[in-house]
2 protein chains.
Amino acid sequence: MDEKEISQAVITRLPRYFRYLGELKDKGVERISSQELSRLMRVTASQIRQDFNNFGGFGQQGYGYNVEYLYVEIGKILGLDKEHHLIIIGAGNLGQAIANYMNFEKRGFLFKGIFDSNPDIIGKMVRNLPIQPMENLPAFIQENNIDIAVLTIPKTGAVEVAEQLVNCKIKAIWNFAHVDLEVPKEVLVENVHLSDSLMKLSYNINRQSQKG
Amino acid sequence: MDEKEISQAVITRLPRYFRYLGELKDKGVERISSQELSRLMRVTASQIRQDFNNFGGFGQQGYGYNVEYLYVEIGKILGLDKEHHLIIIGAGNLGQAIANYMNFEKRGFLFKGIFDSNPDIIGKMVRNLPIQPMENLPAFIQENNIDIAVLTIPKTGAVEVAEQLVNCKIKAIWNFAHVDLEVPKEVLVENVHLSDSLMKLSYNINRQSQKG
């Protein structure tokens, strides 16, 4: 693998390739051409070839791609061959939904702990782990080699908790709080702003009703 | 407002402007220059001006933008001055998290019903509404003028439910199921693929650990 910087647009498309290839693999498909993959995924074959060329191309054109090989290689690029230790901060419905989403474990994201600031729910079990108080956070992160913190708390507390996480030397924050976090650049943040996504849908509904 | 087609990249950025302007408004800020907004939002001032020019520009440069006016206008563009009737299909943790997310109602997205295929939880209350069986879906959509269906079910059932929704003439699907839905183009789909977002974070963690 060469060391050039890959654009975030390409990275954003990789998980979708990985998903489609996993489905093809599960169906027993061994080889697929960029044309077939293009039809299936509704992106142009040239886009697919360009994206794959960022990583050396993954095999000959004409003959098609080896599905299993491509699946494994893209998985490696996505870091899915490594284990990640993940904690969830905020044990409300959203936090519990993520804790219970087994698919993440299959991909190497191991659910290690869940925290909440509400004293009434401390000790309650979420999946197989008890909800812990926030004061346990720093020691827990260090002792359990936690690299990802999932923030499923309202935006009011999120900035302060993010600061705590930075002090605990967390590597990455998967942020569901509806606020943009200010963290040093070595801490990675991936935002899921659900409201933004719903507003985009609303725009498109509005636009369509104006058209016709 | 002119009728030209605005790119989805611009649309994707609009909710973020709306969010920052809402916060400025709440803080009592009356005017803001594109330079100040640029610093706050960490995008270039020229990007902001370009984005706003898609909608006529919203006011003079130099003098700055009227925060309240800009907030209201962007809200209108996003269709937030209209009411949307929303149902949730899948009453698990994620469905319940969305049902309980009050902020959506403030933006005009009214939670009207929740459905599940599991007979054991029918009638159980989520927020203020009972979980209904799937067979109620077609009549309910028609009688309650439902325009948005939120799909918070596993990917196995999602394709079939999406077909049902299309037959019920739903306008839009907010899809959390981990599958790309095939629907006629008049049905709008906005996907929230949580796994894809987590894999992108994993890529960046992996990348950073290789660098340093």
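Biologist: How many salt bridges are there between chain B and chain A?

Modeller: Side chains of opposite charge can pair when their charged atoms come close. Here the count between chain B and chain A is twelve, taking a salt bridge as a side-chain nitrogen of Lys or Arg within 4 Å of a carboxyl oxygen of Asp or Glu. This is a predicted model, where local features need pLDDT of at least 70 and side-chain atom pairs count only at pLDDT 80 or more, while totals for chains, interfaces and linings use all residues. Side-chain values use heavy atoms, without hydrogens or water.

Biologist: Where do A:R19 and B:D180 lie?

Modeller: A:R19 and B:D180 have their closest N and O atoms 3.5 Å apart. A:R19 sits in helix α1 (residues 8-26) of chain A and B:D180 in the loop between β8 and β9 of chain B, so this pair joins two chains. Helices (H or I, at least four residues) and strands (E, at least two) are DSSP runs, numbered from the N terminus.

Biologist: Are A:R19 and B:D180 buried or exposed?

Modeller: Both are buried; that means under 20% relative accessible area, with exposed over 50% and partly exposed in between (1.4 Å probe, protein chains only). A:R19 and B:D180 also belong to a salt-bridge network with A:R16 and B:D196.

Biologist: What about B:E182, which residue does it pair with?

Modeller: A:R42, with the closest N and O atoms 2.7 Å apart. B:E182 counts as exposed at 57% relative accessibility, and A:R42 does too, at 63%.

Methods
Residues are numbered from 1 along each chain as its sequence is written. Chains are lettered from A and ligands numbered from 1 in the order in which they are written.
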